[in-house]
Amino acid sequence: MKIAVIGTGYVGLVTGTCFAETGNQVTCVDIDEAKVKKLQSGKVTIYEPGLEVIFERNVKQNRLDFTTDLAEGIKGAEVIFLALPTPPGGDGAADLQYVLKVADDLGHILENYAVVVDKSTVPVGTADKVHAAIANNAKVDFDVVSNPEFLREGVAVDDFMKPERVVIGTQSERATKIMERLYAPLVRQGNPVIFMDEKSAELTKYAANSFLATKITFMNEIANICELLGANVDMVRKGIGTDTRIGKRFLFAGIGYGGSCFPKDVQALAKSAKDANYDFKILNAVMEVNTTQKTRLMDNLNGYFKNDLKGKTIAMWGLAFKPNTDDIREAPALYNIEALLAAGAKVQAYDPEAMENVKGQLGDKIVYSKNPSEALKGADALMIMTEWPVFRTPDFNEIKKELKEPLILDGRNLYEVEHMKELGFTYFSIGR
Ligand SMILES: NC(=O)c1ccc[n+]([C@@H]2O[C@H](COP(=O)([O-])OP(=O)(O)OC[C@H]3O[C@@H](n4cnc5c(N)ncnc54)[C@H](O)[C@@H]3O)[C@@H](O)[C@H]2O)c1
Ligand SMILES: O=c1ccn([C@@H]2O[C@H](COP(=O)(O)OP(=O)(O)O[C@H]3O[C@H](CO)[C@@H](O)[C@H](O)[C@H]3O)[C@@H](O)[C@H]2O)c(=O)[nH]1
C-alpha cells in the first residue's frame, strides 16, 4: 500500500519506518528542511533504540523516502497519516494549528480518494474539524479517521510493532477496510485492533495518558506520606502491584512525570472538561502534585545546606525526561537546574544522549561532562534525575572521593537505603 506520513518527528518517523518494514511504500513529509536533508542522506534524526537498523533496511530497499513537498509526498497515497505537533496553547488546550494547516493544504491538492488519519493526540471533535478543513476545497472523496498512537519513547519500535492494542475511530466502511488491510500484519501477530467512533477514539488517548499520569501521581503521594509515616514506598509498590487489578507497571514513585505527552495531555483533557462545564477534579490535583514533585529533592538539598546553595556545585546525572531517549521536553531535570541556578549554584551535568538538546536550550548556563565521573569532580553533591542503566551500579568509592560531601539526592530510587547508609552517604530518595 502507498502511504504518506506528514510530520517526521518521534511518532511520524517511527510510524513511517515501521509501515515500510511491513511492506508498504512510505513517503514521509516534513517542513523542516534540515531534518529532511538529514533523513535523505540516510541518517535518523532521533535517538530511538532499534529504529536505525529498520530505517536503513527500508531506505536501502526503496520503501522509505523523504520530502518537504506535501503534494509530491501524498501523490497516489491511499492513507495519509498526520503525525504533527499538538502543543499546549496558552490556555492549556491542544493547539491544532499544525494539524488544521495541513488539512487545509490537503483539500487543495488531494487527487484521489484517501484516508486521512489523525495520529497526533487531538481533542474530541478534531476529526470533524479536519474533515471540514479538507472539505472546504477538496474535489475528491476522502475519509478522516482517528488512530491515536500509544508508543512510548525509548521502546517506540517495539510498542509500534507489538502494540497492546490499536485504536481506530471511524464510521466509514471504506476507511475501515483500508485500515484493516494496513494493520493486518500486526493483527496476524496477535495484536488487537479496536474499532470505534472517532470521538471515542480521540478520548481514549487522553483517558489512557491521564490515567497513567494519575497512577504515577498517586504513587508519588503515597511516597510523600511514606516519608512522613516511616514506611518504604518500594515495599508498598511491591505489596500492591501483585494485585492484578492494580498491576505492577507505572507504580514507580519519583520526581514527577515529564515528557512531551503526559503534562500536555493531562492539561488538555482538563481544559476540554472545563470547556464542557465539567470540573475534572482529579486531573487538577494531579497537575498540582506533579508540579511540586518535580523539585521535591530541592527541599532536601536546601535543608542539608541550610538554604545556602550560593557557590555550591551540583553534579547532575541524567537530563532526559526518562532513560533511552534524547527527549528533554518537560524533563524534571530542567526544573531542578532552573531552581539550582536561581539559588546561585553551579551545575555539572552528564546524560548519555540528551546533552546536545540541553545545550541547544541552556547553552553554557551549565557545564556538560564527558562521562558520569567527570560530572562529580569538585561537586558538593550528586543529584540523579534519570534512571539510565549506567547510573545503576556506579563506583561508590569514586563518588565519595570526588564529592566534597558524601551527599546523594536520588530522584529515581536507584540504590538501597541500607547499603548507602553502610557506605557512609547521606542519601535522600523518594518515599523511603
Ligand atoms: N512523542 C511521543 O512519544 C508521542 C507518542 C504518542 C503520540 N504523540 C503525539 O503525536 C504527535 C506528534 O508528536 P511528536 O513527538 O512526533 O512531535 P515532533 O515535534 O517530534 O514532530 C512533529 C514534526 O512535525 C513537523 N511539522 C510541523 N508542521 C508541519 C507541516 N506543516 N508539514 C509537515 N511537517 C510539519 C515538525 O517539523 C516535526 O518534525 C503529537 O500530537 C503528540 O502528542 C507523541
Ligand atoms: O512508574 C513510572 C512510569 C513513568 N514515570 C514517568 O512518567 C513519564 C512518562 O513515561 P513514559 O510513559 O514511559 O514515556 P512517554 O514516552 O512519555 O510515553 C507516554 O506518552 C506517550 C505519548 O502520548 C504515550 O503514547 C505512551 O503510551 C505513554 O506511556 C516519565 O517522566 C517517567 O519518568 C514515572 O515517574 N513512574
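A residue is called buried if 20 or more other C-beta atoms lie within 10 Å of its own, exposed if 12 or fewer do, and partly exposed in between, with the C-beta atoms placed from the backbone. With that in hand, let me start with Y257, which is buried because 26 other C-beta atoms lie within 10 Å.

Before going on, a word on the source. What we are looking at is a predicted model, in which local features need pLDDT of at least 70 and side-chain atom pairs count only at pLDDT 80 or more, while totals for chains, interfaces and linings use all residues. Residues are numbered from 1 along each chain as its sequence is written, and chains are lettered from A and ligands numbered from 1 in the order in which they are written.

Back to Y257, then, which sits in the loop between α10 (233–241) and α11; helices here are DSSP runs of H or I with at least four residues, strands are runs of E with at least two, and both are numbered from the N terminus. If we set aside residues up to four places away in sequence, Y257 touches A213, I216, F262 and N290, where contact means that the two C-beta atoms, placed from the backbone, lie within 7 Å. Between Y257 and G303, which are 46 residues apart along the chain, the C-alpha atoms are separated by 24 Å.

A residue is near a molecule or strand, by the rule used here, if its C-beta atom, placed from the backbone, lies within 6 Å of it.

Two packed helices are described by the angle between their axes and the distance between the axes. The axes are lines fitted to C-alpha atoms, for helices over the stretch in contact, and the angles run from 0 to 180 degrees between N-to-C directions. Helix α9 (residues 198–229) packs against helix α11 (residues 262–275) at an angle of about 115°, and their axes are 9 Å apart. The two helices are therefore roughly perpendicular to each other; angles of 65 to 115 degrees count that way, whereas those under 35 count as roughly parallel, those over 145 as roughly antiparallel, and the rest as oblique. The crossing of α9 with α11 is left-handed, a term for the near helix being turned anticlockwise from the far one by less than a right angle, with right-handed used if it is clockwise. On the α9 side the contact is made by Y206, N209, S210 and A213, and on the α11 side by F262, D265, V266, A268 and L269. Of these residues, six are nonpolar, two polar and one charged.

With α10, helix α9 packs at an angle of about 135°, again with axes 9 Å apart, and these two helices are therefore oblique to each other. Here α9 passes α10 in a right-handed crossing. M219, I222, A223 and C226 of α9 meet V233, V236 and R237 of α10, a contact of six nonpolar residues, no polar ones and one charged.

Turning to ligand 1, we find 26 residues around it, and the closest are G7, G9, V11, S120 and T121. The elements that give two or more residues to this shell are α1 and α5 (97–109). The shell around ligand 1 has 12 nonpolar, eight polar and six charged residues.

Finally, two residues in loops. Where is N62, and is it buried or exposed? N62 lies in the loop between α3 and β3 (64–67), and it is exposed, because 9 other C-beta atoms lie within 10 Å. The phi of N62 is near 60°, a positive value in a residue other than glycine. W388, by contrast, is buried, with 23 other C-beta atoms within 10 Å, and its place is in the loop between β12 (381–384) and α17 (396–402). Leaving aside neighbours within four places in sequence, W388 is in contact with G318, P323 and P352.

How values were computed
Nonpolar A, V, L, I, M, F, W, Y, C, P; charged D, E, K, R; others polar.
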